[in-house]
Amino acid sequence: KMNTKKKKLLIIELNEFCPEYIKQLAQHYKLQNLIKVLNFTHTITLSNDKKEFYGLDPWVQWVNIHTGLRSEEHGVKILGENLKKNHTQIWNHLHHQYQLRWAVIGPLNAKKGSSLGCVSFLPDPWSSNEKAYPNELNELLEVIRYVSKNYLALNYFALSSKIIKALGFFLRRNNLFILKELFWELFKVIYKPGINIHTLTTLLDYVCVLYYLKIKSKNNIDISIVFLNHIAHLQHHFWEKYPIIHPQMEHGIKICDKIINLLLKDLNLNETNLLVLNGFKQKRNDENDIQIYRQVSTKLMLNKLGITKVMIEQNMTNDVLLEFSSLQETNNAYKILLNCYLDTGHKLFDVSKINSQKIFIQLNIHHVVNKNVFIKYRHIKIPFYDLFINLGRTGSHINEGDIFSPNIEFPNKIFNHEIFENLVKIYG
């Protein structure tokens with residue numbers, strides 16, 4: 001038997017997936033790889049955070065998992081926020097202790113930290129201070145980053161220049177196989193469910209996995225973390241009551257099975273510890289559950305409120321970073337945004353000052369808003385639905401999650417920040 005100290009570790013972070021639902025889909029389409037994973041030994045994970053948008057979010061919970069700290073200890077609340085200097089993520093920790101080499105692909109709010117031991121690193125698109133490694137990955141990251149931060153107001157000139165850069169990534173000789181796979185998958189979806197943002201986010205996970213496998217075939221990697229977001233996204237938008245399955249979900253689950261197959265097919269479980277987890281999971285939404293609205297255009301919304309000189313960085317949903325060129329403009333905008341209400345008395349935004357030139361805002365409305373409701377600020381009155389749409393969310397966050405592993409021992413129930421200790425223990 002190999003010395004466990006030398007055992008490799010593969011963590012597949014399949015964000016927010018609901019095991020019961022995924023099992024139904026996997027059985028329906030006979031997806032053997034997903035069925036296999038869902039039959040591994042199961043552990044329940046819990047989070048201290050209880051409420052979506054107030055801590056029970058992937059950009060907070062994955063930081064718990066990667067640092068071994070509860071959210072009130074690490075203090076990261078916003079997507080793209082930096083980690084405190086003295087907080088170490090598991091890949092940096094394991095390299096520091098045991099000189100293990102690592103590849104970390106795509107987790108939300110992951111920071112590269114020290115470059116020591118890094119074989120590959122791909123940050124999430126919102127962590128704008130982070131660079132990908134190897135450098136060629138930045139050619140791909142730029143277009144993803146641009147779309148992620150500007151999807152409500154795309155400038156097609158800016159977008160096309162970034163697409164040309166991304167083509168540079170795909171046309172490198174040893175990445176051509178990824179382009180070929182991507183074209184083949186795009187060809188298959190033209191008719192159903194169509195080439196759209198949902199299909200593309202699913203195929204982005206596939207592309208990142210193909211790239212990771214290329215890197216893995218050429219390098220010795222001890223610790224691998226592969227983050228996949230497409231199922232989370234599809235559950236949020238296309239979770240129909242089984243046996244109805246949305247075509248978008250059908251496409252996503254089949255690609256997911258394909259990805260799991262690629263990651264597991266050459267894996268020797270005597271040499272690699274494997275862990276598949278969701279961070280926490282979603283449940284299917286009821287009509288009157290939490291409602292998610294998003295501004296039609298952040299620029300339009302701010303202009304209507306009298307805020308014109310501003311740089312806008314869109315986050316994942318209705319949360320936005322606003323940057324101003326002077327303290328006076330920041331304070332002025334802060335005052336306006338803080339004092340916007342619905343005519344029903346509800347405060348419109350959560351607003352926080354990041355620094356003298358940056359404000360973070362997030363919509364504070366999560367109930368069913370009637371058609372004739374207005375937004376009010378001083379003498380300004382704007383119909384709510386002129387500026388916001390209901391996303392019709394089909395899945396919402398709950399504070400319980402799951403771990404599936406064929407060969408790592410966990411307690412039956414564990415807080416998600418305790419996963420860190422349990423993994424470090426394997427090497428100690």
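**Reading the fold**

Author: Leu275 sits in strand β6. Bear in mind that this is a predicted model.

Reader: Is Leu275 buried or exposed?

Author: A residue counts as buried when its relative accessible area is under 20%. Leu275 has 0%, so it is buried. Not counting residues up to four places away in sequence, Leu275 touches Leu10, Ile11, Ile12, Ile403, Phe404, Ser405, Ile408, Phe410 and Leu423.

Reader: How far apart are Leu275 and Val37, in sequence and in space?

Author: They are 238 residues apart in sequence, while their C-alpha atoms are 9.3 Å apart.

Reader: Which residues have the most contacts inside the largest nonpolar core?

Author: A nonpolar core is built by joining buried nonpolar residues through their side-chain atoms. The largest one here has 66 residues, and those with the most contacts inside it are Leu10, Ile12, Ile22, Leu263 and Leu264. Another core, of 32 residues, lies apart from it and includes Leu9, Leu277, Phe410 and Leu423.

Reader: What does Leu10 touch?

Author: Leaving out residues up to four places away in sequence, Leu10 touches Tyr212, Ser224, Val226, Leu263, Leu264, Leu267, Thr272, Asn273, Leu274 and Leu275.

Reader: How does β3 pair with β4?

Author: β3 (residues 102–105) runs parallel to β4, and four bridges join them. Ala103 stands opposite Ser120 of β4.

Reader: Why is β18 described as largely enclosed?

Author: Strand β18 covers residues 400–405, and five of its six residues are buried, so the rest of the structure largely encloses it. Its pairing with β2 (residues 41–46) is antiparallel, over six bridges. There, Ile44 has Asp402 of β18 as its bridge partner. β6 also pairs with β18 in the antiparallel sense, over two bridges, and Leu277 has Ile403 of β18 as its bridge partner.

Reader: Where do the side chains of a strand point?

Author: In a regular strand they alternate between the two faces of the sheet.

Reader: Where does Asn278 lie?

Author: Asn278 is in the loop between β6 (272–277) and β7 (281–284). With 0% relative accessibility, Asn278 counts as buried. A polar atom of the Asn278 side chain lies 2.7 Å from the backbone nitrogen of Asp402. Not counting residues up to four places away in sequence, Asn278 touches Leu14, Asn15, Glu16, Phe17, Pro19, Trp62, Gly401 and Asp402.

Reader: At what angle do the axes of α9 and α11 cross?

Author: Angles under 35 degrees count as roughly parallel. Helix α9 (residues 197–218) and helix α11 (residues 247–264) have axes that come within 10 Å and cross at roughly 5°. That makes α9 roughly parallel to α11. The residues in contact include Tyr206, Val209 and Leu213 of α9, and Ile255, Ile259 and Leu263 of α11.

Reader: Which strands stand at the edges of the three-stranded sheet?

Author: This open sheet has the order β11-β14-β15, with antiparallel pairing. β11 (341–342) and β15 (380–383) are at the edges with a single partner strand each, so one side of each has no neighbour in the sheet. Two bridges join β11 to β14 (residues 374–377) in the antiparallel sense. Tyr341 has Lys376 of β14 as its bridge partner.

Note on methods
Residues numbered from 1 in each chain as written. Predicted model: local features only at pLDDT ≥ 70, side-chain atom pairs only at ≥ 80, totals over all residues. Heavy atoms only, no water. Core = buried A, V, L, I, M, F, W, Y, C linked by side-chain atoms within 4.5 Å. Buried < 20%, exposed > 50% of the residue type's maximum accessible area, 1.4 Å probe, protein only. Contact = heavy atoms within 4.5 Å. Polar contact = N/O pair within 3.5 Å; in protein donor to acceptor, adjacent residues only side chain to side chain. Pairing = 2+ DSSP bridges. Axes fitted to C-alpha atoms, helices over the stretch in contact; angles between N-to-C directions. Parallel < 35°, antiparallel > 145°, perpendicular 65-115°, else oblique.
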